[in-house]
Amino acid sequence: MDQPPRPGIDGRSGIAAAVAVPVIIDGSKSHDPGGQRITFHWSMAEAPPGSIATLDASDPAPLFIPDLPGIYRLQLVVSNQDGVVSPPSMLTLLAFASQAF
């Protein structure tokens, strides 16, 4: 039986970033136990109301730019060459308004 691939996200417990400051969301630690090639599927599970922030769904480590203060929940699912899909892995990002000096 084919074991599902495993998503791996750096900072999985959560990260904080200033609004409009790019952040790399790194899922490159994801792997398939059988050594198969994997495909990445990122999605935005939650964002502040009015947000239009996006991320490259197929990039192992997409650049994310929060556009509003608040909580963003980013989800990663990976699949292997046989089409076996991992359980989702979530990352919570808290975006805060930067202060002008």
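## An aromatic pair in the interior

Tyrosine 72 is buried, with a relative accessible area of 0%; buried means under 20% relative accessible area, exposed over 50%, and partly exposed in between, using a 1.4 Å probe and protein chains only. Phenylalanine 64 is likewise buried, at 0%. Searching the whole structure turns up one aromatic pair. In that pair, the ring centres of phenylalanine 64 and tyrosine 72 lie 5.2 Å apart with their planes at 75°, so the arrangement is edge-to-face. For reference, rings of Phe, Tyr and Trp (its six-membered ring) pair if their centres lie within 6.5 Å, and planes under 30 degrees apart count as stacked, over 60 as edge-to-face and the rest as tilted.

Please keep in mind that this is a predicted model, in which local features need pLDDT of at least 70 and side-chain atom pairs count only at pLDDT 80 or more, while totals for chains, interfaces and linings use all residues. Residues are numbered from 1 along each chain as its sequence is written, and side-chain values use heavy atoms, with hydrogens and water left out.

## The chain as a whole

How many helices and strands are there in the chain? The chain has zero helices and six strands, where helices (H or I, at least four residues) and strands (E, at least two) are DSSP runs numbered from the N terminus. Read from the N terminus on, the elements are β-β-β-β-β-β. Along the principal axes, the C-alpha atoms fill a box of roughly 55 × 25 × 20 Å.

Of the 101 residues, 35% count as buried. The accessible surface comes to about 5800 Å², and 57% of it belongs to carbon and sulfur atoms; such areas come from the Shrake-Rupley method with a 1.4 Å probe, and for residues only the protein chains shown count as cover. Among contacts in the chain with a separation of 6 or more, 62% join residues 24 or more positions apart, a contact being heavy atoms within 4.5 Å.

Strand 6 covers residues 89-96. Its covered face holds Ser89, Leu91, Leu93 and Ala95, and its uncovered face holds Met90, Thr92, Leu94 and Phe96. In a regular strand the side chains alternate between the two faces of the sheet.

Strand 1 (residues 15-18) pairs with strand 6 in the parallel sense over four bridges; two strands pair if DSSP finds at least two bridges between them. Here isoleucine 15 has leucine 93 of strand 6 as its bridge partner. Strand 5 (residues 70-80) runs antiparallel to strand 6, and seven bridges join the two. Arginine 73 stands opposite threonine 92 in strand 6.

Glycine 70 also lies in strand 5. Leaving aside residues up to four places away in sequence, glycine 70 touches Pro48, Leu93, Leu94 and Ala95.

## A salt bridge between strands

Side chains of opposite charge can pair when their charged atoms come close. A salt bridge is a side-chain nitrogen of Lys or Arg within 4 Å of a carboxyl oxygen of Asp or Glu, and by this rule the count comes to one. Which residue forms a salt bridge with arginine 73? The partner is glutamate 46, and the closest N and O atoms are 4.0 Å apart. This pair links distant parts of the chain, since glutamate 46 is in strand 3 (residues 38-46) and arginine 73 in strand 5, 27 residues apart.

Both residues are partly exposed: glutamate 46 has a relative accessible area of 38% and arginine 73 has one of 28%.

## On the surface

Ile24, Leu63 and Ile65 make up a nonpolar surface patch, with about 290 Å² of accessible area together. Patches are made of residues with over 30% relative accessible area and no salt bridge, joining like charges within 9 Å and nonpolar side chains (Val, Leu, Ile, Met, Phe, Trp, Tyr) within 5 Å. Isoleucine 24 belongs to strand 2 (residues 23-24) and is exposed, with a relative accessible area of 57%.

Alanine 20 sits in the loop between strand 1 and strand 2. Although alanine 20 is not a glycine, it has a positive phi of about 75°. Alanine 20 is exposed, at 55% relative accessible area.
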